[in-house]
Amino acid sequence: MFHRFIKLILAALIIITGIWQMAENNIGNGIFLILLSAIPIFLYFKNEFILLAFLRLRKQDFAGAQKWLAYIKNPETALVRKQQGYFNYLHGIMNSQTNLIQAEKYFKKAVELGLSMDMDMAVAKLNLAGVALTRRRKLEATNLLNEAKKLDKHNMLKDQITMMKEQMKKM
């Protein structure tokens, strides 16, 4: 895994080569190279390993998703800020199955770094509320549930939120 700026440098070199090809009257090659430069620019903002991990997670293949995330050795240099948030979010989802303490750490880091979709932020806060509830921190769980409810604009998490509120009443 290389530094995120290498992708931008590669895109700039491809664009320069495309412009040079156009100056040499190879218009087709130049246009192709300029269009080809969109790939490294896209991969700068959407990391390829995180995209592949999301695809594995969609199929409930946690081991496969973990394998793809393991390719990212140093997320601070390889990923932009939002992608670092998703890196921690994915680790939090995978660790929530086995290790709640580790999952809480990853979800807090993901919320701190930020996630671009409100639904992902709502899921992260809902999971944090569940961890707070298991640790008997009712006030923190209530605040996180209210934030998750605000972020859930399409009511996709309505059942989970009501179920967790029912569990809080039993405490």
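The crossing between H1 and H2 is left-handed, a term used when the near helix is turned anticlockwise from the far one by less than a right angle (right-handed if clockwise). This is a predicted model, in which local features need pLDDT of at least 70 and side-chain atom pairs count only at pLDDT 80 or more, while totals for chains, interfaces and linings use all residues. Residues are numbered from 1 along each chain as its sequence is written, and side-chain values use heavy atoms, with hydrogens and water left out.

Helices here are DSSP runs (H or I, at least four residues), numbered from the N terminus. Helix H1 (residues 4-23) packs against H2 at about 165 degrees, and their axes are 7 Å apart. The axes are lines fitted to C-alpha atoms over the stretch in contact, with angles from 0 to 180 degrees between N-to-C directions. H1 and H2 are therefore roughly antiparallel; that word covers angles over 145 degrees, whereas under 35 is roughly parallel, 65 to 115 roughly perpendicular and the rest oblique.

Two further pairs can be described in this way. The axes of helix H10 (residues 138-151) and H11 cross at roughly 160 degrees and come within 11 Å, which means that H10 is roughly antiparallel to H11. Their crossing is left-handed. For helix H8 (residues 100-113) and H9, the axes come within 9 Å and cross at roughly 140 degrees, so H8 is oblique to H9. H8 also passes H9 in a left-handed crossing.

The largest pocket holds about 840 Å³ of space. A pocket is an open set of points on a 1 Å grid over the protein atoms alone, where a 1.4 Å probe fits and protein lies on both sides within 12 Å along at least five of seven lines; lining residues have an atom within 4 Å of a point. The volume is the space filled by probe spheres set on the points, which are joined across faces, edges and corners. Of the 27 lining residues, Phe54, Leu57, Tyr89, Ile93 and Asp120 are the closest to the centre of the pocket. Helices H4 (48-58), H7 (81-95), H9 (118-134) and H11 (158-170) are the elements that each give two or more residues to the lining.

Confidence is given as pLDDT, from 0 to 100 for each residue. The chain has a mean of 90, with 99% of residues at 70 or more.

How values were computed
pLDDT = per-residue confidence, 0-100.
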